[in-house]
Amino acid sequence: MGFITNMINGISLGSVYAIIALGYTMVYGIAKMLNFAHGDVIMVGGYICFIAMNNLGLPPVVAVLLSIVGCTCLGIVVERLAYKPLREAPSLAVLITAIGVSYFLQNTALLVWGADPKAFRSILDLPSIKLFNGQLTVSPISLVTVAACVAIMVGLTLFTTRTKMGKAMRACSEDKGAAQLMGINVNTTISMVFAIGSGLAAIAGVLLCSTYPTLMPTTGSLPGIKAFTAAVIGGIGSIPGAALGGVLLGIIEIFAKAYIGTQLADAIVFAVLIVVLLIRPAGLLGKEIHEKV
Amino acid sequence: MNTLNLSRRSFVQLSGAVAASAVLAGCGGGSSDGGSASNDGTTFKIGGIGPVTGAAAIYGNATKYGAQVAIDEVNAAGTIKMDLNWQDDEHDPEKSVNAYNTLKDWGMQILVGTTTTTPCVAVSTETNADRIFELTPSASSVNVIGGEEIGADNPRKDNVFQMCFTDPNQGTASAQYIADKKLGTKIAIIYNNADAYSTGIYQKFIDESKALNLDIVSTQTFTDDQTDFSVQVGDAKSKGADLLFLPIYYTPASLILAEAKKQDYAPKFFGVDGMDGILTLEGFDTALAEGVMLLTPFVATAEDDATKAFVEAYKKAAGTSENPNQFAADAYDCVKAIAQAIEAAGITPDMTASDICDALIAQFTDSSFTYSGLTGESSWSTTGEVTKTPKGMVIENGIYMPLDEE
């Protein structure tokens with residue numbers, strides 16, 4: 001029974017990683033940049049939801065929607081102010097800017113909300129579901145997380161393959177110049193990508209904080225890095241890859257903790273990244289792209 | 001006290017970020033006759049240092065007002081006169097040393113402080129060199145007194161004494177308490193092995209449990225920044241532990257309580273003083289902490305007259321409706337213990353600080369010297385560590401209640 005419990009916990013944790021990784025992979029796949037501030041947008045999403053529920057007394061559904069709207073706006077603003085001026089700059093400059101934005105968001109949160117951790121109340125206040133005479137317990141929030149992960153993955157895949165905007169995004173991803181010649185507004189498309197990515201970050205933030213009910217300005221950092229690892233393992237740029245990588249990473253982390261040792265869990269997670277990169281540099285589901293010289 | 005080790009990192013990140021409460025910041029030199037630098041020979045000059053602004057302000061204010069209540073009582077009793085000058089250090093070692101120098105210029109003879117551990121390590125080195133007697137209400141690390149296990153690079157500070165428990169001693173006390181009261185037959189432990197406070201308590205707890213034949217069925221660790229406790233709690237649950245010992249701070253403890261609820265696991269939870277504060281965690285569902293036990297030297301809801309009178313006086317002095325925490329009681333006891341020692345040793349205010357220091361050291365380390373106050377009956381070893389009986393508390397309906405009087 002311990003094995004099954006760990007598996008459930010692993011999938012639940014992995015689904016949170018997967019949702020964050022989907023945001024990373026969206027932005028990377030289309031804008032070709034690593035948005036290291038993604039983890040901090042998650043944190044902001046968590047705070048917005050916390051304040052909406054605790055201080056304003058809004059119902060959870062409204063709080064979550066507010067959080068999504070807030071993060072989407074934040075994503076668009078950050079993109080406009082910090083990334084758009086660097087559209088033609090070398091990728092290293094953009095990367096460093098992203099790290100700067102990450103620090104900016106963290107420290108702003110520190111100023112606004114203080115360093116004291118907040119206890120986040122789960123958006124779902126339901127008792128755990130007991131199976132097999134209580135030997136197995138599943139929390140409703142885990143189920144919601146897994147469902148949300150699957151829904152988002154399917155939704156994003158449909159969006160990028162079926163809709164006009166999605167197709168425009170893929171076009172931008174393949175060749176910005178050619179896309180522009182075909183009449184696609186590249187800037188709007190990339191803003192759209194950031195809007196979607198940040199909206200996903202809000203959902204991830206709410207689910208993350210509901211599963212592990214603590215909130216502080218650094219809440220998003222470590223999950224952000226791990227989700228980035230998950231996105232790379234799955235093949236960065238690939239939507240199913242991010243989901244697969246996230247779930248795998250969650251399971252590996254929980255199993256490493258349970259059967260090898262809690263101290264080594266993080267080391268193992270990142271060791272897996274190294275191994276995957278050595279064997280399959282493009283990630284599990286990533287396409288190998290041969291750079292044209 | 002120990003909560004501060006936890007927050008040290010946050011404080012560094014925070015420096016300058018927190019809006020200082022200017023009202024309190026100005027209170028440092030509030031003593032009316034602070035101008036009389038030369039001692040008139042009738043009043044003891046007691047200095048106090050602790051963060052009354054910044055993120056650790058809750059601890060500094062508690063100690064400041066706790067000490068003030070005691071000073072007022074001593075003065076009202078009339079045998080000796082004391083004057084308190086409290087300086088803010090914002091939980092910063094450098095500012096703390098500056099505050100100490102300010103107090104020295106004022107003519108301080110005895111120091112009650114500092115409230116928090118990191119500044120106290122710095123200031124205690126200074127008082128040791130200057131031969132000024134120091135009694136800290138709440139700086140709990142052995143580095144403060146220069147414990148024996150520290151070694152040659154951290155020499156003993158014979159002039160520094162603690163009113164609170166040294167970190168590791170909480171482990172011993174907890175194990176004894178659990179064994180005495182037969183609180184659990186199968187014990188699980190979750191501790192932070194990246195943190196000296198937590199591992200220190202854990203080690204002593206394990207040593208003592210072996211001596212007392214306590215059955216430890218599960219020992220799990222975690223490190224800072226970890227938020228997933230499903231494995232640790234799951235292990236304790238699957239091993240059938242009926243008591244979960246948590247020698248950790250309240251933030252991870254709140255996550256463990258939530259995880260236990262999620263797993264439908266309800267053992268007895270037993271914490272240490274790092275648990276103190278869980279009820280004030282913003283947004284925390286206090287129902288989760290229902291029945292959590294912890295050892296602490298002071299319970300504000302206790303029914304004895306001394307505690308009741310102190311709670312009353314503290315609320316008045318601090319202008320608050322909240323009950324004082326153990327920091328306030330520790331500071332109160334510091335002043336009262338010093339007053340008792342001064343009378344017992346026949347110390348007079350016209351003596352120099354270093355003469356007072358020597359006389360107080362002799363008095364505090366005297367085997368017959370005990371002080372009975374709000375935080376129990378205290379006596380001191382030659383290392384400066386306090387020995388006293390901790391009180392068990394249990395959280396009922398969102399408030400701390402004494403465990404012994406059930």
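Which strands of chain B does helix α3 lie across? I started there, working on a predicted model.

**Entry: α3 of chain B.** I found α3 (residues 57–77) lying across β1 (43–49), β2 and β3 of chain B. Against β2(B), the helix runs at about 165°.

**Entry: the sheet of chain B.** I traced the strand order next. The sheet is open, with five strands in the order β2-β1-β3-β4-β5 and parallel pairing. β2 (81–87) and β5 (160–162) of chain B are the edge strands. Each has a single partner strand, so one side of each lacks a neighbour in the sheet.

I then checked one pair. β3 (residues 110–112) and β4 (residues 133–136) of chain B pair in the parallel sense over three bridges. In that pairing I saw Val112(B) opposite Leu135(B) of β4(B).

**Entry: Glu208(B).** I located Glu208(B) in helix α8 (residues 196–212) of chain B. Leaving out residues up to four places away in sequence, I list its contacts as Gly171(B), Thr172(B), Ala175(B) and Gln176(B). I also looked up Gln263(B), 55 residues from Glu208(B) along the chain; their C-alpha atoms are separated by 30 Å.

**Entry: α6 of chain A.** I turned to α6 (residues 164–174) of chain A and noted Ala168(A), Met169(A) and Cys172(A) as buried. They share one side of α6(A), because they cover an arc of only 105° around the axis. What do the buried residues of α6(A) pack against? I found α1 (2–31), α5 (140–162), α7 (176–181) and α8 (186–211) of chain A.

Terms used: Residues numbered from 1 in each chain as written. Chains lettered and ligands numbered in written order. Predicted model: local features only at pLDDT ≥ 70, side-chain atom pairs only at ≥ 80, totals over all residues. Buried ≥ 20, exposed ≤ 12 C-beta atoms within 10 Å, placed from the backbone. Helix = DSSP H or I, 4+ residues; strand = E, 2+ residues; numbered from the N terminus. Arc of directions from axis to C-beta. Contact = placed C-beta atoms within 7 Å. Pairing = 2+ DSSP bridges. Axes fitted to C-alpha atoms, helices over the stretch in contact; angles between N-to-C directions.
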